[in-house]
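Here are my notes on the fold you sent over. Please read them with the structure open.

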Amino acid sequence: MYYDFHTHSREPVPEVVKMVCVKPGETAPAPYSCGIHPWDTAAPDIDAQLQWLGEHAGELAAVGEIGLDRLRGASLDRQIVILRRQLDLALLHKLPVIAHDVRCSAEILAILKEPARALWHKAPTGANKLCRIIDSGATVSFGGRDLQHLDPALVPLTQLGLETDDSGDDIRETYQAAAKLWQIPLTQLQEQLAANFRRLFG
């Protein structure tokens, strides 16, 4: 089996288990995640979205994607308020989180209460930020294009995830590229990522 740790595609793919990400008010076949994306933090109905998340938390495998984005969305202060409220909800319902990070790694790390229960979606590939995230205990996830800029020596396989996000890529091809990058058999990578997925999402 292949595990897509974060995707917006609901299209079934043979032998692939997807963590599909939807917006509040939407559902998807289990397992799926839901959260208020940083880009949507200026919406006028944030309180209603947070209420919906709370009411449907029992259906979720994770809260996300949530986080901070220095380039899009409401002011960073407003994003932080909304992120904190969603992190509190995740903590209350014992759910992991899927983090969106654009130039805000330090701020997110300072806010996360359970970094070991976080999937850092499209994690930074630069050594300094990446190592700080890994040292926190978080799982770091990459798409196929991200792997081209990644030093595999920096990422323990026990903290690795692979994803398609909204790229339209085939996660099976991403696995093949990752197996070559880490210089391990594909079957070993599949077994490790299956264990990582179950540990993080249950």
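1. First, a caveat. This is a predicted model. Please read each point below with that in mind.

2. The sheet. Eight strands make up an open sheet. Their order is β1-β2-β3-β4-β5-β6-β7-β8, and the pairing is parallel. The edges are held by β1 and β8 (160-162). Each has a single partner strand, so one side of each lacks a neighbour in the sheet. From one strand to the next, the twist averages 25°.

3. Strand β2 and its two partners. On one side, β2 pairs with strand β1 (residues 2-7) in the parallel sense, over four bridges. Y3 stands opposite V17 in β2. Strand β3 (residues 32-34) also runs parallel to β2, joined to it by three bridges. Here V20 has Y32 of β3 as its bridge partner.

4. Burial of β2. Is this strand buried or exposed? Strand β2 spans residues 16-22, and six of its seven residues are buried. It is therefore largely enclosed by the rest of the structure. When you look at individual positions, remember that side chains in a regular strand alternate between the two faces of the sheet.

5. Helices α1 and α2. Helix α1 covers residues 46-56 and helix α2 covers residues 76-92. They pack at an angle of about 15°, with their axes 10 Å apart. An angle under 35 degrees counts as roughly parallel, so α1 is roughly parallel to α2. The crossing of α1 past α2 is right-handed. On the α1 side, the contact uses I46, D47, L50, L53 and G54. On the α2 side, it uses R78, I82, R85, Q86 and L89. By class, this contact has five nonpolar, two polar and three charged residues.

6. Helices α5 and α6. What is the angle between these two? Helix α5 (residues 171-182) packs against helix α6 (residues 186-201) at about 110°, with the axes 9 Å apart. That makes α5 roughly perpendicular to α6. Y175, Q176, A178 and A179 of α5 meet L186, L189, Q190 and L193 of α6. This contact divides into six nonpolar, two polar and no charged residues.

7. Helix α6 on the sheet. Which strands does α6 lie across? They are β1, β2, β4 (62-69), β5 (97-102), β6 (118-120), β7 (139-142) and β8. Helix α6 runs at about 50° to β1.

How values were computed:
Residues numbered from 1 in each chain as written. Predicted model: local features only at pLDDT ≥ 70, side-chain atom pairs only at ≥ 80, totals over all residues. Heavy atoms only, no water. Axes fitted to C-alpha atoms, helices over the stretch in contact; angles between N-to-C directions. Parallel < 35°, antiparallel > 145°, perpendicular 65-115°, else oblique. Left-handed = near helix turned anticlockwise from the far one by under 90°. Contact = heavy atoms within 4.5 Å. Nonpolar A, V, L, I, M, F, W, Y, C, P; charged D, E, K, R; others polar. Buried < 20%, exposed > 50% of the residue type's maximum accessible area, 1.4 Å probe, protein only. Pairing = 2+ DSSP bridges.
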